[in-house]
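Have the viewer open as you read.

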Amino acid sequence: MTVLGYLANGLVFSSIIVLGSIGLSLVYSIADFANFAHGDTMTIGAYAALVTFGAVGGLGGAVLGLPFGFFLALVVGIGAAAVVAVATEKLIYEPLDIDSIGLLITSIGIAFIYRALIQIRFGSDFTRFDIQAQRPIESLVPYGVRVTLHDVAIVGSAVVLVVGLHVLLQYTDLGRKMRAMADNPDLARVSGIRTKRVKLWTWVIGAGLAGAGGVFLGLFNQLAPRMGFNLLLVIFAAVILGGIGSVYGAMAGGFLIGMINQLTPFFSTVVEALPIWPGWLAAALESLISIEYANAIAFVIMVAVLLVRPNGIAGEAAT
Amino acid sequence: MSALTDPKGAIAELTRPEGWVLGVSVAFLLFLLAALLTGALGPTYFLFLVGLAGMYALLSFGLNAQWGFTGLINFSVAAFFGIGAYGSALMTASGSPIAGGFNPLVGLVVALVVALVLALLIGIPTLRLRADYLAIASLGLAEVMRLIVLNERWLTNGSAGVRGIPGFFSGWPVLSTFPETMPGLRLEVIPGSPVILETAFWRASLNVLLVLAFAGTVYYVLRRAHRSPWGRVLRTIRSDEDLARALGKNTYSFKMQSFVLGSLIMALAGVFYTHLNLYVGPGDLDPITTFYAWVAVILGGSGSNRGALFGGIVIVTIREGTRFLNDVALPIDPAPLRLLLIGVVIVAVMRYRPQGILPPQRELIWPSAVDGRGTPETPDSGVREQKGGGGDE
């Protein structure tokens, strides 16, 4: 594959990471804790869509190689993730009387419960959406770009969702309230903002986007009960890279981490080509920069960012 | 201590949760004893379970030294456990892709040294971070560790794992042949269901002795450390790090010490696991191991060593109980059921009893200073010294 091909793959994977990281960042800034159940919220979205798609079927026509039924399933997946997240907030998080560290630990328990229930119901094997796999778009193959219509659909839908979120945050009442709350929750409350309600909406939006990300992840790869948890740390890496609490930072961080993740094979060819001295360093780099370590590279970047710039590329201020 | 001389008084002194835990433990012990005598539970398997419980207790002690004492959110328990397990396995196993064939004591030392180095490597960058960043960073680094173990086949055998590990006592003068020389015993407590004790049983009992020695030593050391002036600084850091700094303590250094101490204990648990299970694979570094230890600690009560011990036993009950349930009653895959139980326990503890079942109370205070038994006869490092600042070490 050429550089262009890797970039195209990176774009598709980035779209999924961005969807996940926005929600995580929103919840981090407004509910004020690191939500370890976010990855498994994505899994819930994916499996809800799987069930829906299995029930309704294709519903006739298709757009971008995806039957109409799939878009209905996508909506159901988003809705299911949001409903589950709101129910969890109402039943578990809200009655808790503990600090953000306690909430963090609780969210791990929640993550396990989500994953365990899915695994009990669907088994631990990989599954796929019952959609014909697409061939890469012919006209792009000469450039070394092997993307399918499905990939285009993923990127397109992600762009629509992200633009929608931008409009919501910047131009609606709810968005202003959310930004106010992220900035200073106490001040927001004394200004008459119903912070509880805003928090619920945050969960709806964050989990909904995560659900969409999960559905697309299932379409891009496969579905498995561990899919969300495996992606969770990559998403954390993206959120931290972008600066916790900054939605636009999370978008940028998600984009970068997704790109780096998919560009790893390209980096390894670059390292092989470079004349690195001494020889053992070259050998070590060659073995460490490989597809197996694509996620590990993201985690190392995450730790490095935490050390050098704990506020991320965008900093805390710009929500 | 006083439980032997004055059992009634000791029971009357217990708090309610302590009484509950004691009652449930005694009932559980009786249940196990009954199962043993009727032959429903093989004695060798039972000893294996005891060994496993001891191992989880060790793991929880290690985490307790970090989270319970100092408030460090370390989500890389599995990495240190795995380092201990792989360190000793690679040194001792016949199937080791590198060296191999050394005495298990060499393996123990190597594992601890490697764990020390790794603890410094992980600790130096992450311990300066805010608590929630530390959680994420340590989970990430543990995952990096797991990927390395999984992919560097020349070093670790990759996903095949390491086999051919000897028992811990192989190569020792008497103990290495002890299981073979012991005669097979046949006990018939209940007529018709004899309990047969063979070589495997004696081997397992050696393992239990080993883990009891490990856990006992660690328990004693941690108990002393927690009460010492050093432990008091750690507790201050846990409740208010700025205060500790204002008192002139180098909190980073104290955190590092507690991190290294805990990591070594986790590695010790890993070493024991290697010689108990006689096989290690990359699956042992799965994050679930980390959260087993976490559940044990928060369930038992953060900062409480006996709570960690209790938590360790609960974990083994969940782990093996789900397997048993799958065999006997409900045909539910044990893996997700275990996950579900762990999740429910975490949420329930955080919801109803965030301080844990056996939170540290009197065990933090120098024994002679409690219960109005008059003023303590000036302990060499007592509670009263706090005003003067006390020594650091």
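Helix α7(B) is mostly covered, with 15 of its 21 residues buried (20 or more other C-beta atoms, placed from the backbone, within 10 Å of the residue's own). This is a predicted model, in which local features need pLDDT of at least 70, side-chain atom pairs count only at pLDDT 80 or more, and totals for chains, interfaces and linings use all residues. Residues are numbered from 1 along each chain as its sequence is written, while chains are lettered from A and ligands numbered from 1 in the order written.

**Helix α7 of chain B**
- This helix covers residues 131-151 and reaches 30 Å from first C-alpha to last, close to the 30 Å expected at 1.5 Å a residue (1.5 Å times one less than the number of residues).

**Where the chains meet**
- In chain A, 35 residues are in contact with 32 residues of chain B (C-beta atoms, placed from the backbone, within 7 Å).
- Two or more residues each come from α4 (100-122), α9 (227-242) and α12 (294-308) of chain A.
- The largest share of chain A's side, 16 residues, comes from α4(A).
- That side divides into 26 nonpolar, seven polar and two charged residues.

**Helices α10 and α12 of chain A**
- Helix α10 (residues 247-273) of chain A packs against α12(A) at about 140°, with the axes 8 Å apart.
- A:Ile257, A:Ile260, A:Asn261 and A:Thr264 of α10(A) meet A:Ala294, A:Ile297, A:Ala298 and A:Ile301 of α12(A).
- By class, this contact has six nonpolar, two polar and no charged residues.

How values were computed:
Two residues are in contact if their C-beta atoms, placed from the backbone, lie within 7 Å. Helices (H or I, at least four residues) and strands (E, at least two) are DSSP runs, numbered from the N terminus. Ala, Val, Leu, Ile, Met, Phe, Trp, Tyr, Cys and Pro count as nonpolar, Asp, Glu, Lys and Arg as charged, and the others, Gly among them, as polar. Axes are lines fitted to C-alpha atoms, for helices over the stretch in contact, and angles run from 0 to 180 degrees between N-to-C directions. A residue is buried if 20 or more other C-beta atoms lie within 10 Å of its own, exposed if 12 or fewer, and partly exposed in between; C-beta atoms are placed from the backbone.
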